[in-house]
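Reader: I have a structure to look at and some questions about its side chains. Can we go through them one at a time?

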Amino acid sequence: MSKFVKIRTELRDLTMIKRALDDLKLNYQENANYRHEWSGASHTAELVVTAGMFTSFGLRRNDEGVYEILGDNMGLSSQQETLQQLNQRYAYHKVLNEVGKAGFSLVEEATDRNKAIRLVVRRWA
């Protein structure tokens, strides 16, 4: 049976989340209502993401400043790869943003056959 669930993440930066979603070509609405189809539960979320023909999930910031995923346990279980890709793209953009702030620039980027991303950065003195 389908249940409404909340999943804690380590995502904290909404701008980086949006960049990751754009990379994955996932549609989202800002400040929208996420509605669980089976229970009728409705929650306001900063982002409601459409991840498939019938699957959507919400991203809502909790009291600790961390985003949690709102969704249907059965729908989310079919979207594990999408959620992993979201985490990877978020980390990619977060790292590039932070190294840029520290004065580094990206000099090389490679993705291996396991889809791991390798970044080489350098700071010119």
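Reader: How many aromatic pairs does the structure hold?
Author: The structure holds 1 aromatic pair. Keep in mind that this is a predicted model.

Reader: And which ring has the charged end of Arg89 over it?
Author: The ring of Tyr92 does. The charged end of Arg89 is 4.2 Å from the centre of that ring.

Reader: Moving on to the largest nonpolar core. Which residues touch the most other members?
Author: Those are Leu11, Ile17, Leu21, Phe57 and Leu59, in a core of 17 residues.

Reader: What does Leu11 touch, if I skip residues up to four places away in sequence?
Author: Leu11 touches Ile17, Leu59, Gly65, Val66, Tyr67, Leu86, Asn87 and Tyr90.

Reader: New topic. How many salt bridges are there?
Author: The count comes to 9 salt bridges. In one of them, Lys94 pairs with Asp13, and the closest N and O atoms are 3.3 Å apart.

Reader: Why does that pair tie together parts that are 81 residues apart in sequence?
Author: Because Lys94 lies in helix α3, while Asp13 is in the loop between β1 (4-8) and α1.

Reader: Is Asp13 buried or exposed?
Author: Asp13 counts as buried, because its relative accessibility is 19% and the cut-off for buried is under 20%. Lys94, at 25%, counts as partly exposed.

Reader: Where do Glu68 and Arg60 stand, buried or exposed?
Author: Both Glu68 and Arg60 are buried. Their side chains meet in a salt bridge, 2.8 Å from N to O.

Reader: What about Glu108 and Arg118?
Author: Their side chains also form a salt bridge, at 3.2 Å from N to O. Glu108 lies in strand β6 (residues 105-111) and Arg118 in strand β7 (residues 117-122), so the pair ties together parts 10 residues apart in sequence. Glu108 is partly exposed at 39% relative accessibility, and Arg118 is partly exposed at 48%.

Reader: Last one. Which residues do salt bridges with shared partners join into one network?
Author: Asp13, Lys94, Glu98 and Lys101 are joined that way.

Technical notes: Residues numbered from 1 in each chain as written. Predicted model: local features only at pLDDT ≥ 70, side-chain atom pairs only at ≥ 80, totals over all residues. Heavy atoms only, no water. Phe/Tyr/Trp six-rings, centres within 6.5 Å; stacked < 30°, edge-to-face > 60°. Lys NZ or Arg CZ within 6 Å of the ring centre and 35° of its normal. Core = buried A, V, L, I, M, F, W, Y, C linked by side-chain atoms within 4.5 Å. Buried < 20%, exposed > 50% of the residue type's maximum accessible area, 1.4 Å probe, protein only. Contact = heavy atoms within 4.5 Å. Salt bridge = Lys/Arg side-chain N within 4 Å of Asp/Glu carboxyl O. Helix = DSSP H or I, 4+ residues; strand = E, 2+ residues; numbered from the N terminus.
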